[in-house]
Amino acid sequence: MVTVYEDSEALSRAVAQLFAQEARRAVEARGMFTVLLSGGETPRRSYEMLAREPLRSSIPWHAVQLFWGDERWVPQDDPLSNLGAARRAFLDLVPIDETQIHPIPYESSPHESALSYERTLRSFFGVDAPRFDLVLLGLGENGHTASLFPGSAVLFEPYRWVCEVYVAEQDLHRVTTTALLINQAALVAFMVAGKGKSAILQRVLEGPTDPNEFPAQLIKPAQGRLLWLADHDASRLLSERTLREKQTTPA
Ligand code: 6PG
């Protein structure tokens, strides 16, 4: 389902509210809320809203366990670090203990970082694939999500939950969770904003199914819900057919 918001501020508010609502629901049901966060620029405003009222005090922070869907292979204090961005946007401002924050580590190589994070996930969740209460994802203009880039060897990874990737256009090593892992989640929410994303959003949702070219199409939770949350600008090329299914929400 695609839900369209009037502008990026309304979209950001909806994503922050979704985080808070799912946190309360999961903590009531099981005493814990596990979430896989997206990097990139789009969620930053939502993260800031989590640290401000009225949402801040509505979130059971003591029971939140935070993981990341992907990370640049850079030290944690590097400006490119997704962890660093999340710390600045909200982690430094909310009552959460360091033991509840599970970043993708910067080890001696991208491969070591990926193996280490896989161990972290396996020791936290046990042998079964983690069923995250919420996975937040962004969409790149080339159809990538997390660090699952077009044509990458890790797209159809059958065993590993975390893999290293090299992104030649950026000359950057990254570490990503795999579609195998993400698709075990109870709820996956894509957040897409801005005119620059309209063409790729249209192709991912309405174009031919070609996950090798549009990796975001790999994301289909096996036993969970999938939400596409977009602002008006990002959704402007969607067809009448998709628009009929969409739900327009006022700002
Ligand atoms: C990251 C991501 C990545 C991101 C998209 C969209 O760490 O960069 O997790 O998949 O969500 O590239 O990025 P923007 O939100 O910055 O457009």
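## Around the ligand

Of the 15 residues around the ligand, those that come nearest are Thr-42, Asp-70, Arg-72, His-144 and Ala-146; a residue is near a molecule if one of its heavy atoms lies within 4 Å of it. This is a predicted model, in which local features need pLDDT of at least 70, side-chain atom pairs count only at pLDDT 80 or more, and totals for chains, interfaces and linings use all residues. Residues are numbered from 1 along each chain as its sequence is written, and side-chain values use heavy atoms, with hydrogens and water left out.

Now for the polar contacts (pairs of N or O atoms within 3.5 Å; within protein, one must be able to donate a hydrogen and the other to accept it, and residues adjacent in sequence count only if both atoms are side-chain atoms). An N or O atom in the side chain of Arg-72 lies 2.6 Å from an oxygen atom of the ligand. For the side chain of Lys-197, the distance from an N or O atom to a ligand oxygen is 2.7 Å. Glu-41 takes part through its backbone, where a polar atom is 2.7 Å from an oxygen atom of the ligand.

## The largest pocket

The largest pocket holds about 290 Å³ of space. Of its 22 lining residues, Ser-38, Gly-39, Gly-40, Gly-138 and His-144 are the closest to its centre. A pocket here is an open set of points on a 1 Å grid over the protein atoms alone, with protein on both sides within 12 Å along at least five of seven lines, while a cavity is a set where a 1.4 Å probe fits but cannot get out; lining residues have an atom within 4 Å of a point. Grid points are joined across faces, edges and corners, and a volume is the space filled by probe spheres set on the points.

Strands E4 (70-72) and E6 (134-137) each supply at least two residues of this pocket's lining. Helices (H or I, at least four residues) and strands (E, at least two) are DSSP runs, numbered from the N terminus. By class, the lining has six nonpolar, 11 polar and five charged residues. Ala, Val, Leu, Ile, Met, Phe, Trp, Tyr, Cys and Pro count as nonpolar, Asp, Glu, Lys and Arg as charged, and the others, Gly among them, as polar.

## The largest cavity

The largest cavity has a volume of about 30 Å³. Its lining includes Arg-72, Ser-81 and Leu-83, and by class has six nonpolar, two polar and two charged residues.

## Helix H3

Helix H3 (residues 82-89) is largely enclosed by the rest of the structure, because six of its eight residues are buried. Buried means under 20% relative accessible area, exposed over 50%, and partly exposed in between (1.4 Å probe, protein chains only). The buried residues are Asn-82, Leu-83, Gly-84, Ala-86, Arg-87 and Ala-89. They pack against helix H2 (44-50) and strands E3 (64-68), E4 and E5 (101-102), where contact means heavy atoms within 4.5 Å.

## Backbone points to check

Most residues other than glycine have a negative phi, and most peptide bonds are trans. Ala-146 has a positive phi, near 45 degrees; this residue lies in the loop between E6 and strand E7 (162-167) and counts as buried at 11% relative accessibility. Asp-171 also has a phi near 45 degrees, but is exposed, with a relative accessible area of 56%.

A cis peptide bond joins Glu-53 and Pro-54, with omega about 10 degrees. Pro-54 lies in the loop between H2 and E3.
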